[in-house]
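Today I am opening my notebook on the aromatic rings of this structure. Here is what I looked up, entry by entry.

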Amino acid sequence: AVGRRPRCLAPTPPGAMRRLAPAVLVAVWGAAGAEEGSCPAGGCEAKGGYHWPNVRGLAGQYGVSNLTVPKDLSKPSWRWHHESGQYGTVVVGGPVIDDESNLYFTEMTKLLKMSRDGQVIWTASPPPGTLFPDGPSIHNGGVFQSTMAGELCKFRMDSGERVWCKKYYAHTGADSKYVTSHDGVVVIGTDNAQQQGGGSKHVLGISTETGEKLWDFAPDLPTWNNMGMFTHEDTVVLQDWDAKVYCLGLHNGSLLWKNGGNDGRTWTDGGTIIGANGVVYSHWARRHQAGASTPFLGGGISAYRLSDGKFLWTREMRHGVYTWPVAGRLHDGDDRWSVVTAAGAIPPCAPWKAILGYTAQQTAPRAFWGLLVLEAAVFLLSWCKLPCRKWRAMLLRLLAVFVVAVAVSVYLCYSFVSANSNFPGEITAFDAETGDVRWHYDLPPWMRVAARGDEEGWIPRWKTPWRGTCCPASFGSPSVDGDGTVHVGFVSGVLYGIKDRNADGRIDESEVRTFDAEAAFLHSGPAFAPGIFAFSTCDSVWAWRT
């Protein structure tokens, strides 16, 4: 395979489904008479395959499953969070799910394997002196996980034993990629771009067996949350933070085509996805990272033909888009393909307590110099023979300066919080072929300055070794289940399930289901396997047995 120049072909011809069979095309859990673990009408996964090997699922049907979410989400089967409490760590990626419906996910200091009953099977730590920054991938008996020290590590799936850790660059950003694997190759982003916490200047293809670097690709601009998307034709697709899409040979890294981009004028925390209809979809938001907290900034989604990168269409949204899309059939009156995307500004990565501390830190030096000026003035006016140089008067002046400094700090904090406490969100389903809007839903806005969980957990997370806040985007990645319901988490900590059941092109509240997960979401998105539905938030993993 190494050295041959692959074709960047679609995983299926448009409108066909013949390549979906090797994945988790099993019958809907709710099908009458289906026993747990059996393979009813939908068929079974190929022997040795995994139900959800990457955080966005399987090549050929990313973010899409023929399994359905339980109708009643009010009673989860289990929940995992750090042993020290809900805010003891940040869950940075996962779950991914193997052929026995065991779950693998990563928090900053540990990689965990859990049974579908919620029992910890093993944990694995990174090499000394570093941390895990992202989500895992499973392939051929191995669990692959990158570190912030520019390494990729392989662990045994059965025991958690570390097989190897190899270093490729000096440093990997704390917020810049997800590990993905396919057909003997692991794809990672690395070489920290030093852009406000992350970014990867290089994308690597690495052998799953030996850890040997197969290729090293430098995109025109760094990737952010790099996540390789694979086809069954020996290719991988990704985008940089300016929404330029690249199609590479999986085994040799050869550039087959690139298209899109906005001359460096845009930035996104999200990425691209391949629909089984043979189209690549990319996301973008106006302006660069510094503008990501601005509602109504504008952004959008663009479509390219997978076979040759030809531009097909682009559609704008009111807000910046900072997550992944999902493409699938929504079963809302016809069999047309839809692509669903969610848009909304990213709340600042600081709760009001941190903002108050920052404003006080900025105000204190000014207050000190103001006090010196005041004392100098008093000294020069001492001829007035008033008791203004006595200690009591000096303490009163010091108290007055302190009160003014506190008042200024509180005012500046209040002004910032008031101006940054309204984060609306929108979810839109587009026709996957034409870009026409199929339905649109506006979510209740999030009215806090920081993401759900970041204010509540700010003080406990002082003790954590990496990040004091989760600092998520406005949305996690959406997934589509077997009846066409779109499931996506919002910054409010609410998981939404949306389906246009009467196919009228409008979403009313009777067509929306919610679950309060108590914290915002990173980008892994919901995962499916026979007998289990699960997702992670910034601090927990929630699961439902079915």
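Entry 1, burial. I call a residue buried when its relative accessible area is under 20%, exposed when it is over 50%, and partly exposed in between, using a 1.4 Å probe and protein chains only. This is a predicted model, so I note that local features need pLDDT of at least 70, that side-chain atom pairs count only at pLDDT 80 or more, and that totals for chains, interfaces and linings use all residues. Residues are numbered from 1 along each chain as its sequence is written, and side-chain values use heavy atoms, leaving out hydrogens and water.

I count rings of Phe, Tyr and Trp (its six-membered ring) as a pair if their centres lie within 6.5 Å; planes under 30 degrees apart are stacked, over 60 edge-to-face, and the rest tilted. With that rule I get 23 aromatic pairs. One of them is Trp224 with Trp267, edge-to-face, with 5.2 Å centre to centre and 75° between the planes.

How far apart are the ring centres of Phe475 and Phe490? They are 4.8 Å apart, and the planes meet at 40°, so I log this pair as tilted. I find Phe475 buried at 1% relative accessibility, and Phe490 is buried at 1% as well.
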